[in-house]
Amino acid sequence: MVARRPLIAGNWKMFGRLAGLGELAALWDLTRQAGAALDMLLCPPAAYVNAAAVAARGTQLLIGAQDCSAVSEDSARTGEISAAMLADVGAAYVIVGHSERRSLHGESDALVRKKAEAALAAGLTPIICVGETLTQRQAGRVEEVVAAQVRESVPAAGIVVAYEPVWAIGGDRTPSVEEIAAAHALIRDTLAASFGEAGRAARILYGGSVGPKNAAEIFTAAGVDGALVGRASLKAADFAAIVLAHPAVR
Ligand code: PGA
């Protein structure tokens, strides 16, 4: 079995300004030594993807977007941005199905799957987010909910899945290492059931309140191939501390 290359991804959400892209150079200064061991990805708001890709030239930092249209063809879709456009301006990845889009914008598994298909068609790697709410966890429904999301949102192998329990995002609580490992094993088995060995080989990230203090422990969870980081990806020093906490680097 080929070892899966770790991926540490940052999701800036609707934060940041053009002037803040200077953080990319600062980040690369701090993480250069990690470039051989793992992939580093920053997903700024769509308005800044192009400038971020330019700012990241000459580094190994990858740039991605936070969402894309489910429609591939150039067409009359005011406000939408196609995966092909994101690829055109330098994105390599795109996050789809983040819980904020699922809950605040009513995105269904079927729509997330179409967005992932559009991403793949444009040569982008989709990072497909799944994860249970607190109510679902308390009702003992984690396996049922997460497996269904994976079955219905993931169209093919060649993708990345991010396990992001909704209740762990934006706060200070995370699941235990055992709970994270269990969810990742479930996701991997579900991907394997759908797509065989190619599905089993997918990278699976943990996301939800990852920061410099807990990253090293989270990376010890079996089956965790990296992290999807929100708040702590906005400052170069914090994101670098997470990258450097990965056992592939240390
Ligand atoms: P957080 O966000 O790290 O700020 O909890 C994670 C995410 O929403 O991807």
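**Ligand shell and parallel strands in a predicted model**

A polar side-chain atom of Arg231 lies 2.6 Å from an oxygen atom of the ligand, a polar contact being a pair of N or O atoms within 3.5 Å. The structure is a predicted model, in which local features need pLDDT of at least 70 and side-chain atom pairs count only at pLDDT 80 or more, while totals for chains, interfaces and linings use all residues. Residues are numbered from 1 along each chain as its sequence is written, and side-chain values use heavy atoms, without hydrogens and water.

Further polar contacts to the ligand were found. An N or O atom in the side chain of Lys13 is 2.7 Å from a ligand oxygen atom, and a polar backbone atom of Gly170 is 2.7 Å from an oxygen atom of the ligand. The residues surrounding the ligand include Asn11, His98, Glu164, Ser209 and Leu228; a residue is counted as near if one of its heavy atoms lies within 4 Å. This shell divides into 3 nonpolar, 6 polar and 3 charged residues, where Ala, Val, Leu, Ile, Met, Phe, Trp, Tyr, Cys and Pro count as nonpolar, Asp, Glu, Lys and Arg as charged, and the others, Gly among them, as polar.

The strands were examined next. Helices (H or I, at least four residues) and strands (E, at least two) are DSSP runs numbered from the N terminus, and two strands pair if DSSP finds at least two bridges between them. Strand β3 (residues 61-65) pairs with β4 in the parallel sense over 2 bridges, and Ala65 stands opposite Val94 in β4. Together with helix α3 (residues 83-88), β3 and β4 make a right-handed β-α-β unit; right-handed denotes a clockwise path from the first strand over the helix to the second, with the strands pointing away from the viewer.

In a regular strand, side chains alternate between the two faces of the sheet. In strand β4 (residues 93-96), Tyr93 and Ile95 on one side and Val94 and Val96 on the other are all buried, that is, under 20% relative accessible area (1.4 Å probe, protein chains only). Strand β6 (residues 160-163) is likewise covered on both faces, by burial of Val160 and Ala162 on one side and Val161 and Tyr163 on the other. β5 and β6 pair in the parallel sense over 4 bridges, with Val161 in β6 as the bridge partner of Ile128.

Definitions and conventions. Buried < 20%, exposed > 50% of the residue type's maximum accessible area, 1.4 Å probe, protein only. Polar contact = N/O pair within 3.5 Å; in protein donor to acceptor, adjacent residues only side chain to side chain.
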